[in-house]
Amino acid sequence: MRTWRSLLVALFVALAPLALAQNAGKEAAPLAMDPGTAKRAVALANELRCLVCQNQTIAESNADLAQDLRRQINEQIAAGRSDREIIDYMVARYGDFVLYRPPFKAATAALWLGPFVLAAIALFVLARVVRSRRRLAEEAPLSDAERREAERLLGEKGKRK
Amino acid sequence: MKRAVWFLLPLAAFLVLAAFLFRGLGLNPREVPSPLIGKPAPAFERPQLHDPAKTFSPKDLAGQVWLLNVWASWCVACREEHPVLVELARQKAVPIVGLNYKDASEDAKAWLKQFGDPYMLSVVDRDGRVGIDYGVYGVPETFLIDANGVIRHKQIGPLTPEAWEKTLRPKIEALRKG
Amino acid sequence: MIPEIGHFALILALLLGLMKGTLPLIGAARRIPAYMAVARPASHGQFLFVAIAFGCLMWSFMSNDFSVLNVAEHANSQLPLQYKIAATWGSHEGSMLLWVLMLSAWSVAVAGFSRHLPEEMVARVLGVQGILSVGFLLFILATSNPFERLFPPAPDGRDLNPLLQDAGMVLHPPMLYMGYVGFSVAFSFAIAALLGGKLDATWARWSRPWTTVAWCFLTGGIALGSWWAYKELGWGGWWFWDPVENASFMPWLVGTALIHSLAVTEKRGSFKSWTVLLAIFAFSLSLLGTFLVRSGVLTSVHAFATDPERGVFILGFLVIVIGGSLALYAWRAPKIGLGGRFAPVSRESTLLANNVLLVVACASVLLGTLYPLVLDSLDLGKISVGPPYFDTVFAPIMAPLVFLVGVGPLMRWKEASVPDLLVRLRWALGVSLAVALILPFVMGSWKPLVAFGLFLAIWVFAATMVGIRERLRHAPKGTKLARLAREPRGYWGMVLAHLGVAVFIVGVTLVNGYQNERDVRMEIGDTVTLNGYTFKFEGAKSITGPNYRGARGTVDVSKDGRFIEKLYPEKRIYNVQQMPMTEAAIDSGILGDLYVSLGEPVGDRGAWAVRVYSKPFINWIWGGCVLMMIGGFLAISDRRYRLAVRREPELGAAHGAAA
């Protein structure tokens, strides 16, 4: 599908409509409202996947849709919505695919719990193996003949690594 | 002997993985399914392309089965599907409403003049907000909306004759009957 | 003509691979010296022909031969020379040729540095390499021929992807492939051992340097890729848990487990079947990575142009190679005896814990990477798994591992005592806690995650220092320097690599904790401040490059009124592909980077959207990786490997006669 390419071309045809502050003085105007809100907007945008390029977050992408959605986030923050509500808004329209943090539900339980279950099982097996090694070590004493042979060898060669 | 069975575990795990990978070769990871299927089409009211004084809203077509086609003059892939839409319009197979997405109206009108206008009417979505409400992420996209205003299918990408024959037409006929 | 020579050379390489992959293995099984002797010359011959093919492709790029399809799709007459050369491996077909070139090069290296190994072992190792080369060459010749012609020839090419037109990208694939493909040697050694039925500490000693060198290159390759992404992509990120990044990271995790496991097998004869399994896993993950990048099953910015036919071929190859080796493992490994004994608290068990944690971490990354595919194939919907997942899952698994990095080297083999360790390490523990609690205040604000990360890093550093001091105390008399110099390079390699881990963690912790950014619209003359630095925008002017046009901005950086530097961020559009690219301007330092990138022009008075970032200590991330790499190379240069090559021809002959 070449649609994403068309959007990139459009990006260059149209000037990006960015949120503007009316400041014309020396200190540059932020593109979002204020640093605190900007941080929140960026954090939210970093949780969402750009559907056009699909390999960037909405925060990073220059695609038209990403810019539109960033604008949406800014507007919703300004309207007083909570993070949860903004995320739900995006999911209602684009599905779980838009979230980089997969929601925890039945289908993703294996995903979220998997690593820790795996670690637990692995450490359990590790403990079993180590303990069985210790048993092996205890169960294999030298026989008399072997002990004499060992002493002979050690006496002969003296100190050697 | 029992110990030997554990050594088969890596092989078994790998074969399961390989099965999933094989299945994966037939899938398209880039396609995003719509969460709106089975839900009411989001409401909107926007000016019409050829008659900005009038507006259009999905409830205007309540009682009919219709298609909402998202298009734009800058969209290259739209030209691929356009002949199909023009033919459908000629056959009067199903009413098609165009959603002119993030476009300049002059360019849009010129485009329709050049390539043909299959739309009952086109609605102007200048800033893309309607698109966002419909979960549009790549133009063209086509939504099948039933008589109760519920979205029944979303076609991602150009509407091919195959997609029409195999998917849309049967669904439309089923919706019209039932 | 030249492309045809290249094509023919590949066919010859395939034939040599067939010889190499069959005769030596039969010879080793049936004790036919003449067959086994085929291995080395076949390796040399195959490398020669693959190199000829590679050279022909490179020549086609350098001479703008647009009658070759690959050149027409990935180059352009305006492309600067160094990128024309890099374009040789900038496409799917070219990078597969690079794969095979590396594979045959590694075989030549094994053929050359293996005089001290028994003949059947060498025959088997090279035989397995031969089988692998046959698979890849068949794949290239059947589905991905770089020498395919285009008729009529294109007037000019479609240009190399602008993202690849950078020095980092020129070096990153070759280094990465040296590592990726290098694990094939460890794999071949493992298969050779399983085929021969004999697996002991000597096998580990032979296999270890090869594995470590491959690991070094892989470390460097991944670090280079990360640094390139940071520089080129314009928003200061350095790791995205992208499927293809994960595809290179998973072999690295298992490779790290492998080099530690080999150490145990070499020193104590333990973990033999586990080490063999890890060697199989490491290379299997390399192959899996190759599949993921080229088959289209996952979306990634790295993914090459995809084609289901290619995907099926690679998957088939995977099933044969990985399935075959795991089946061989299931059959032969149970017969491998258990090794030395060790107590629950000992260096062996700590290294075993290291292995377990690394493998679990790798499994988690694999789970996250493939989960969307799994759900989709079960028709359970489409999800995305991104950095929020991986960051949440990866760090808790890695944290205990890093803690063990400090403890492990101080533990005795076979049996260690926890109270003893506590006594020796109490000073290190105290210092780490103290510094970790205080340092965040110095940096600006106290954050628990920062304190935790710093604790781990300083703990590794302090515990390593304790280890060095103890070791020197037990060394024979002499000046401090003499005693230091007498320690084997293998030891210093380990120290350096572990310190590299600590440095890496400092970098990651401080960047994540204290990085800052401002996203502003700047008119000419506007300023923005960040972390005490002031950035003044002096406007942007148009520029033209060899194959692009764009704008270059000028930004004055000053601190407390004192001028520091001028930065020149650029925004380019490449002529052929019409692709926009940001060239961020970076002021790099040991204590951190200042990073400026141009966004879009705003309005019509010359204003631009500009992003400024402060990235404290970010270079420690790659610095740590470099230290790890140097540590690895240092360890290989250890005397015992060099002596082994000289000393053991007689032993090798004895082995050959007796076996």
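Analyst: A salt bridge here is a side-chain nitrogen of Lys or Arg within 4 Å of a carboxyl oxygen of Asp or Glu. By that rule, the structure holds 39 salt bridges over all chains. This is a predicted model, in which local features need pLDDT of at least 70 and side-chain atom pairs count only at pLDDT 80 or more, while totals for chains, interfaces and linings use all residues. Residues are numbered from 1 along each chain as its sequence is written, chains are lettered from A and ligands numbered from 1 in the order in which they are written, and side-chain values use heavy atoms, with hydrogens and water left out.

User: Which residues are linked with A:Asp64 in a network of salt bridges?

Analyst: The network links A:Asp64, A:Asp68, A:Arg71 and B:Lys102. Within it, the side chains of A:Asp64 and B:Lys102 meet in a salt bridge at 3.9 Å, N to O. That pair crosses between chains, from helix 3 (residues 64-78) of chain A to the loop between strand 4 (96-101) and helix 4 (105-115) of chain B. Helices (H or I, at least four residues) and strands (E, at least two) are DSSP runs, numbered from the N terminus.

User: Are A:Asp64 and B:Lys102 buried or exposed?

Analyst: Both A:Asp64 and B:Lys102 are buried. Buried means under 20% relative accessible area, exposed means over 50%, and partly exposed lies in between, using a 1.4 Å probe and protein chains only.

User: And what does A:Asp68 form with A:Arg71?

Analyst: A:Asp68 and A:Arg71 form a salt bridge whose closest N and O atoms are 4.0 Å apart. The two residues are three apart in helix 3 of chain A, so about one helical turn separates them. A:Asp68 is buried, with a relative accessible area of 3%, whereas A:Arg71 is partly exposed at 23%.

User: Let us move to chain C. Where do C:Arg471 and C:Glu487 lie?

Analyst: Their side chains meet in a salt bridge of 2.6 Å, N to O. C:Arg471 lies in helix 16 (residues 448-473) and C:Glu487 in the loop between helix 17 (480-486) and helix 18 of chain C, so the pair ties together parts that are 16 residues apart in sequence. C:Arg471 counts as partly exposed at 33% relative accessibility, while C:Glu487 is buried at 11%.

User: How is chain C divided into domains?

Analyst: Chain C has domain 1 (1-165), domain 2 (167-405), domain 3 (417-514 + 621-626) and domain 4 (521-617). These bounds come from an automatic or database domain assignment.

User: How much area do domain 3 and domain 4 of chain C bury between them?

Analyst: They bury about 430 Å², 70% of it on carbon and sulfur atoms. Buried area is the accessible area (1.4 Å probe) that two parts lose on being put together, summed over both. C:Leu510, C:Val511 and C:Tyr514 supply 65% of the area that domain 3 buries against domain 4, more than any other three residues. The largest share of that side of domain 3, four residues, comes from helix 18 (residues 489-514) of chain C. The count of salt bridges between domain 3 and domain 4 of chain C is zero.

User: Now the chain B and chain C interface. How many residues does the contact take from chain B and from chain C?

Analyst: The contact, meaning heavy atoms within 4.5 Å, takes 21 residues from chain B and 32 residues from chain C. Chain B and chain C bury about 2,300 Å² between them, 79% of it on carbon and sulfur atoms. B:Phe7, B:Leu21 and B:Leu25 supply 28% of the area that chain B buries against chain C, more than any other three residues.

User: How many salt bridges does the rule find across that interface of chain B and chain C?

Analyst: The rule finds zero salt bridges between chain B and chain C. Helix 1 (2-6) and helix 2 (9-24) of chain B each supply at least two residues of the side of chain B that touches chain C. The largest share of that side, ten residues, comes from helix 2 of chain B.
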